Amino acid sequence: MKNILLSLILLLLSSFTFGADEAPPPKKDKTEKDIASADVCAICHEKITFKRPLSCQHSFCEKCILRWFEKNPSCPTCRCDQTYFSNLPLLSSNDSGVQQSAARNLAFLSRNNQENQNAIRQAGAIPRLVTLLESDDFLTKDYVAGVLLDLAYNNLENQSVIIANINLNEGLKDRVHNECPHLYSTLF
Ligand SMILES: [Zn+2]
Ligand SMILES: [Zn+2]
């Protein structure tokens, strides 16, 4: 009985101490302001929609940065080189012409250049490229198979990442066999 009373008293005490009214007021300091300004797009000067952070950690609206990259492969804020990153998001564009030109640029960058081959892999391009192999657009598929060939050329690590990503998609290996025979014979 003594124990039950004690726990009741403790329960009452705790509800007083940690009641909702007791919560400290939110701090209005510098960091809150910083976060707010980081959410403003430096291109359109509005609140960022579909945030797209670059390798330099500057962020912009996806549609703003995609439009920017069509003309200029650098960060609008710090001007750092975004050659790989500028082409990577373009692969996700809804415009197949933009996808194709990004694929062509990545192929050009990776051709006989192991440093670029590795940088493009490390930037996460391979899963996105492999997904595009399922595109219904024949020309897109053709360009993407071309980049994958350039990425895989004399690069065992890239080959194994490409193979692993193709195997992740059920039935894709057969499609590659039928639709991109040159890529298939290089990889498998
Ligand atoms: Zn914007
Ligand atoms: Zn930047």
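## Basis of the description

Helices (H or I, at least four residues) and strands (E, at least two) are DSSP runs, numbered from the N terminus. The model is predicted, so that local features require pLDDT of at least 70 and side-chain atom pairs pLDDT 80 or more, while totals for chains, interfaces and linings use all residues. Residues are numbered from 1 along each chain as its sequence is written, with chains lettered from A and ligands numbered from 1 in the order in which they are written.

## Helix H5

H5 has 15 residues and spans 21 Å from its first C-alpha to its last, close to the expected 21 Å (1.5 Å times one less than the number of residues). Its buried residues are Gln99, Gln100, Ala102, Ala103, Leu106, Ala107 and Ser110; buried denotes 20 or more other C-beta atoms within 10 Å of the residue's own, exposed 12 or fewer, and partly exposed in between, with C-beta atoms placed from the backbone. These residues lie on the same side of H5 because they cover an arc of only 160° around the axis, taken from the directions from the helix axis to the C-beta atoms.

Asparagine 112, which follows H5, has a positive phi near 50°.

## Contact with H4

In H4, Thr83, Asn87 and Leu90 meet Val98, Gln99, Ala102, Asn105, Leu106 and Leu109 in H5, contact being C-beta atoms, placed from the backbone, within 7 Å. H4 is also included in what covers the buried residues of H5, as are helix H6 (114–122), helix H7 (125–132) and helix H8 (138–152).

## Isoleucine 163

Isoleucine 163 is located in helix H9 (residues 156–168). It counts as partly exposed because it has 15 C-beta neighbours inside 10 Å.

Conventions
Two residues are in contact if their C-beta atoms, placed from the backbone, lie within 7 Å.
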